[in-house]
Amino acid sequence: ELSDFIRTDVRRLFPHLAGMVKITLLEAAPRILGPFTKSLSDYAVEHLENVGVSVQTGSCVTKVTGPHKATLRTKTADGKSVET
């Protein structure tokens, strides 16, 4: 698991970099693990956030324009799509 690698190995081997790494899970659907129960999805989100992973649903990458640049399409609360 990537977050485990960041929390243990990177923090130990490259402590000056550990605070610079951020992991975000993007899911285009309204929730992660869509085929499973909502309670399992909620549990997974809680676990991921507890280990430092940001979970963003209703979002997907539409274009990568550089090593640190991407365009995201996100659905707003009123159902509109916004690109950022």
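Modeller: Helices (H or I, at least four residues) and strands (E, at least two) are DSSP runs, numbered from the N terminus. Ser 39 lies in one such run, helix α3. The model is predicted, so local features need pLDDT of at least 70 and side-chain atom pairs count only at pLDDT 80 or more, whereas totals for chains, interfaces and linings use all residues. Residues are numbered from 1 along each chain as its sequence is written, and side-chain values use heavy atoms, with hydrogens and water left out.

Colleague: Why does Ser 39 count as exposed?

Modeller: By definition, buried means under 20% relative accessible area, exposed over 50%, and partly exposed in between (1.4 Å probe, protein chains only). Ser 39 has 55% relative accessibility, so Ser 39 counts as exposed.

Colleague: Why is Ser 41 called buried?

Modeller: The relative accessible area of Ser 41 is 1%, and therefore Ser 41 is buried. Ser 41 also lies in helix α3. Leaving aside neighbours within four places in sequence, Ser 41 is in contact (heavy atoms within 4.5 Å) with Arg 31 and Ile 32.

Colleague: What makes the buried residues of α1 line one face of the helix?

Modeller: These residues are Ser 3, Ile 6 and Val 10. Seen down the axis of α1, they fall within an arc of 75° (taken from the directions from the helix axis to the C-beta atoms), so they line one face. They pack against α2 (15-18), β1 (23-27) and β2.

Colleague: Which residues form the largest nonpolar core?

Modeller: A nonpolar core is a set of buried Ala, Val, Leu, Ile, Met, Phe, Trp, Tyr and Cys residues joined through side-chain atoms within 4.5 Å. The largest has 10 residues: Ile 6, Val 10, Ala 18, Ile 23, Ile 32, Ala 44, Leu 48, Val 51, Val 53 and Val 55. At least two residues of this core come from each of α1 (2-13), α3 (38-50) and β2 (53-57).

Colleague: Why is the pairing of Asp 4 with Arg 7 called a salt bridge?

Modeller: A salt bridge is a side-chain nitrogen of Lys or Arg within 4 Å of a carboxyl oxygen of Asp or Glu. The closest N and O atoms of Asp 4 and Arg 7 are 3.8 Å apart, so the pair meets the definition. The two residues are three apart in helix α1 and therefore separated by about one helical turn.

Colleague: Why do Asp 42 and Lys 38 meet in a salt bridge?

Modeller: Their N to O distance is 2.9 Å, so this pair meets the definition as well. Lys 38 is exposed, with a relative accessible area of 52%, whereas Asp 42, at 39%, counts as partly exposed.
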